[in-house]
Each structure stands twice: as structure tokens, then as C-alpha cells.
Amino acid sequence: MDLNTNVNNSITNAASLIAPSYSRPLDVHVFSEHSEIGNLVEAIWTANFAADFTTVTRKGGAKPKADYRQQLRVLILDLYVAWKTDPGLSIGVHLSNTAWNTKSRYNALHLSRVVPSLVHQLADQGLIELAKGSYSGPGAPTNRTARIIAAEPLRVMFREAHFGLQHIHSYPEKEVIIMHDDRRTAREVEYEDTDDTNRMREEVRAYNHLLSRTFIDVPDQVATHLERPIKLGPRAGEIVRVPVCTLENQVRRVFNREDWTCGGRYFGGWWQQVGSEFRKRVHINGRPTVEVDYQALHIAILNAGHGQPTTGDPYELAEGLFPDTMPREQRKLVKRLILVALNAKDRTTACQAFRQGCPVGSTAKTMKNQDLLVVLDAFAEQHPHLAGDLCADRGIRLMNTDSQIASYVINRLTQEGIPVLCIHDSFIVDYGLAGYLKQVMYEATREVIGCRVAVSWNYMGLDETEQQSPEYLEDYIAFRHRDRSRQSASRQRLFNERVAYLEASAG
């Protein structure tokens, strides 16, 4: 059987099972050494591949670094993870041979161009459903990789399996320092290591090691996903599911434009994908948390570069710039417009991007360019030294500076064994350490930009209320307490098993 010519035969009635917008990319670094996983993969190989997989041959080139069984193992593991996460979650996978480079630093398990053939074989044998991808041109919003999802015969094997999510984790040597190109698709590109990249990699891996042994959960949360609307882009308004309270909480640093001075922020934690109200419920190792953020951080960074202090609220402008808007709401709109303008390359693009991010039917959505430019000019008049920074593509380098600040905070607390969750310019920490976190945040800005940047005092930590009366403390603790759901207790058990498994595997 020629698997490469049987694509049409491998496409089943997948459209009814696969929701293309509810998917995630194939995790090429999903990993486990659990013996039962090896037994399952061997059984699948023997029954479905051993007899005729010799027809899948390499057309020249070096021998694959990972044998076919090892690559099948990655596919089966990730199909299992997706199924356990949500039976409706599909996986996007590239079926073009050119997409698989065994020498890439982003492919630590050395998956090769045999992967498309493995996928087609799994589909032909009825173990997965396969939906074709589509391509309409570079950067087109309709572009879509092929989607796969476990079919019922494979799900039966998963139900009978003697392993679980607690036995599956990310490959320890996966790349965590990512460089993107300057294209709309943000393609990962190779780079040469330096002392700085090696240092950053070790720092992120140390942080990930701490996160892997930290129980991050919402005690009263039942489901392990939220439904949220997409705010920007061609899919704006579409409702998507966001995983929460997951076992796998690894992060990476992502740089942009093939330039180490662009980007560098930490990405990957599910807490970055949820709103601030949901984050208030997050617990770390069973204890409530406090989120602390910097006030007007990007403006403060720019001010420091101009040798100017940051005083007051830079986003408070004269009333009436946004029609029929109360002062508090106007401040939010001014802040959004200024931050958009710092990322934009020109004034027209800034206005367009601002409107794109506004809710349909809102007054701000209907404002013309000339009205929005009045707001930008009012800001520039109030802060004349920042006029040249507006609509001048400053954002990507401001993100690099705020990533350095975040790195200082994360590294300092990681060295002390204190888990902290980063949301770019804010941090979540055990509520008994909020005051200490603020001290470290102050130190971070002094170290990186040479001055102290104010932090929010919206939520006091337990360590900041110790001078209050016993009654106040009791009320504070009771207010922060959340009853624990049965599902959260189950997640705790799985987490404990995973930590024990990781420690046993490492030792």
C-alpha cells in the first residue's frame, strides 16, 4: 500500500467530529518513559504498521535520528493528551514533508518527514479522524493545517490504558528560547547560541522545574476550560475554549524579528489566557494569591529613557475626548489607544488597530481617525517628550525591556524557591508574600531602567495586613477562602502523582 497516494482514502467523515477552530498544534515534545505507554505503542505498531510500513521509504538523505516507533509514540501520546483534556479537542499537524527538519533546535525529539505517513496510516486503519488542511496564500486567515483527533477504536485503547496525564510531560531538553522572524506568520527561525542565550535557557529551565512542582489551581473551578471570545483579528467575536488548571505549566521566552532586542516575553502559562477576575481565584500550592502590576510600565520605561520622572497618571486627560464616556471609562480608552500607538508604525495604522479592538456597537468603535488623532495629540501635548514615541513602532522594544524586568523578578524568586506567575507586567504570588514581591519588583526596575516604577496597591497581601487587628485578619482570610471542588481535589491527586513520577524518573 502506497501511503503517500492514499490521502483521499484516509479522509473519513471527520468534518462532523472535528471543529477546526477548536484545536492546538501538535506538541512535538510530549514525552513519557512509562512502560505501559511503550506497551500501547508497540501493540498499535504490530497490529497496524509492521506488515506494510516498509513501503514508507526515505527518498535519499540521512537515516532519521528517531526511529519510526519513537515518532509514532509522540503522535499517540499527544492524541491521548488532547483526548483527556477534552474529547472534542483536535490537533493541527503539518502533512508537508518540508515542515519536518530533524536538525532544528525546535525539534528536540527529531521528528522527521515520516510523520505525515504515520498520520495517513493511522487514518487508514481507522484509529484517527483526519480533516484536510487548506492554504489560500501567505498569511491568509483561511490557512489551516490538517486536523487529527482520536477515533473510537483508539479511544477504547485509551480508556483501557494503565497510565494517565500524570505520567506525561514535556521533554526536558525542548527549546525554551524562541526566535521568530518578521513575517505575519511569526515563523520560528534558527539562531546561533551565545553566552546570553545559554544563560537565558538555563534560567527558563530552572523556572520551569519549579513550576512543574508547583500546584497551580482554582479550588472552586469545576471545568478545566473557559469559553472566551477572541478580541482581535479576522476571528474577533468567535468563542474559543481556553484550558485552565492544567498539569503542564511550562513557559518559554519568545523573541521577534530575528532580533534579540525585540520581544523576549514569557509565554505558555494558562494564567496568561484568562481575565483578571478569574486570576483572583488562582491558588498556588493551596494558598490564595495576590496579583501585583506595574503602573503605566511602558510610559515609565520611555520616561526613564528621556530622563523624565513618571508622576501622576499619564492616561488622565481632559474630559470629553471620547463622547458620552465617563472619566474612568475614558481613561481605559486613552490607555488602550496610547499602547496601540506605541506598537503602530504610523497614525493611520494606530487608529485602525484601536477600532479593531473595540466591542461592536461601542462609541469608540465608530470614532473616525481625525477624532482619535485629537486624543493622541492631547496626550503628546501633555507629555511632549513622548510625542516622537507615538506611532513609531516602539512597542516591540518596550516589550524587550519589560521582559528583562520580568526576568529579574522570576529569577530572583526562583532562586529562593518561591513560585511566581508572570503576566508580562504583573505577577501572581502567594498572598503571604505580596509585600516581598513588591520589594523585588522595585529592585527589578531600578536594575533594568535605573529608577523605581510604582506598583499597584489594589490588593493587599496577608503579610501587609499583619499589623491589623485579629478580627480584621480573620475576616481577610475568610474572604480569600474558597471551598474546594471535588474536581480540584482530583487534580491535586494527579499533580501529586506526577511530581512523584518526575522525581522517580529523575532519580
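**Entry 1: model.** I am working with a predicted model.

**Entry 2: fold.** I looked up the secondary structure first. The protein has 15 helices and 16 strands. I then checked the radius of gyration. It is 25 Å, close to the 23 Å that the globule rule gives for 507 residues, so the protein is as compact as a globular protein of that length. Along the principal axes, the C-alpha atoms fill a box of roughly 75 × 55 × 45 Å.

Entry 3: Residues 24 or more positions apart account for 72% of them. For burial, 48% of the 507 residues count as buried.

**Entry 4: cysteines.** How many disulfides does a search of the whole structure find? I get 0. Cys-358 is in no disulfide, and the nearest cysteine sulfur, that of Cys-351, is 11 Å away. A disulfide needs the two sulfur atoms within 2.5 Å. Is Cys-358 buried or exposed? Cys-358 counts as buried because its relative accessibility is 5%, and the cut-off is under 20%. Cys-422 is in no disulfide either; its nearest cysteine sulfur belongs to Cys-262, 18 Å away. Cys-422 has a relative accessibility of 3%, so I list it as buried.

Definitions and conventions
Residues numbered from 1 in each chain as written. Predicted model: local features only at pLDDT ≥ 70, side-chain atom pairs only at ≥ 80, totals over all residues. Heavy atoms only, no water. Buried < 20%, exposed > 50% of the residue type's maximum accessible area, 1.4 Å probe, protein only. Helix = DSSP H or I, 4+ residues; strand = E, 2+ residues; numbered from the N terminus. Rg over C-alpha atoms; globule rule 2.2 N^0.38 Å. Contact = heavy atoms within 4.5 Å.
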